[in-house]
Amino acid sequence: MHYSMQLYEQQHYYYQHTRQRNKMAPLQTLLCTIGITAAAAFSPAHIQHTQRTHSLSPLCSDKGGGSAIAAPKTKTVTTTVTKQKQKQEQKKKYQPSDPDTFKQEDFEDAPMFRLFLIGDEGYDQEHVVTRLVEIIEDCSEDNGAGYFKSAYQGGEAFIGKYPREIAETYAEQLIRSEPIIFMDVRDDKD
């Protein structure tokens, strides 16, 4: 009985695997065909350069036999049109001894934004002053302590006017501190 059970399992295993193999055969054949075709199409060995070592027929030889290629009976006239070059202003070359005669260009100042420290009762004075001094370039410890006291008493303290990118960078760095220090950036026109 044990032998017949083992034989049954072997036959069942063989049947299952050959059945799966038979299902996959068309797909495997298709993929192999596509791969071989692509390899043959893009292979550099597919392109062959052949050189002729002898003429195919005596009519095409250069040694006098056969007819020559007829010359066209119409003449081609080629004319070229040239445009006159426009005079260009030549820039004056300056010598080192020449005085500087540069035009003063009008540069527009970057719009300024005001940076404010927003007061909060949960602030630790030492932490706020330390972070202000670390992040804001022109802030001393005395100024930082003054900003902290103004924000604590009045709800906000004006720190300074900066270009937009700098003011936003300062505010973002202070807001990211742990614990958070609330900042506000306002347009100078407001």
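The chain has four helices and three strands, where helices (H or I, at least four residues) and strands (E, at least two) are DSSP runs numbered from the N terminus. From the N terminus on, the order of these elements is α-β-α-α-β-α-β. The model is predicted, and local features need pLDDT of at least 70, side-chain atom pairs count only at pLDDT 80 or more, and totals for chains, interfaces and linings use all residues. Residues are numbered from 1 along each chain as its sequence is written, and side-chain values use heavy atoms, with hydrogens and water left out.

Of the 190 residues of the chain, 16% count as buried; buried means under 20% relative accessible area, exposed over 50%, and partly exposed in between (1.4 Å probe, protein chains only). The chain exposes about 17800 Å², of which carbon and sulfur atoms supply 53%. Accessible areas come from the Shrake-Rupley method with a 1.4 Å probe, and for residues only the protein chains shown count as cover. Among contacts in the chain with a separation of 6 or more, 70% are accounted for by residues 24 or more positions apart, a contact being heavy atoms within 4.5 Å.

Helix H1 spans residues 2-42 and contains Ile34. Ile34 counts as partly exposed because its relative accessibility is 49%. Together with Leu27, Leu30 and Leu31, Ile34 makes a nonpolar surface patch of about 380 Å². Patches are made of residues with over 30% relative accessible area and no salt bridge; like charges are joined within 9 Å, and nonpolar side chains (Val, Leu, Ile, Met, Phe, Trp, Tyr) within 5 Å. A salt bridge is a side-chain nitrogen of Lys or Arg within 4 Å of a carboxyl oxygen of Asp or Glu.

Helix H3 (residues 141-154) has 14 residues and reaches 20 Å from its first C-alpha to its last, close to the 20 Å expected at 1.5 Å a residue. The expected span is 1.5 Å times one less than the number of residues in the helix. The buried residues of H3 are Gly144, Ala145, Tyr147, Phe148 and Ala151. They lie on the same side of H3 because they cover an arc of only 160 degrees around the axis, the arc being that of the directions from the helix axis to the C-beta atoms. An α-helix has 3.6 residues a turn, so residues three or four places apart point the same way. The exposed residues Asp142, Gln153 and Gly154 are carried by the face of H3 turned away from its buried side. The cover of the buried residues of H3 includes strand E1 (112-118), helix H2 (125-135) and strand E2 (156-163). Gly155 follows H3 and has a positive phi, near 95 degrees.

In H2, the buried residues are His127, Val128, Val129, Leu132 and Ile135. Their cover includes E1, H3, E2 and helix H4 (164-175). Glu134 is also found in H2, but counts as exposed because its relative accessibility is 53%. Glu134 and Leu174 are 40 residues apart in sequence, and their C-alpha atoms are 9.8 Å apart in space.

The loop between H4 and strand E3 (183-187) contains Pro179. The peptide bond from Glu178 to Pro179 is cis, with omega near 0 degrees. Ser177 lies in the loop between H4 and E3 and is buried because its relative accessible area is 5%. Not counting residues up to four places away in sequence, Ser177 touches His127 and Arg131.
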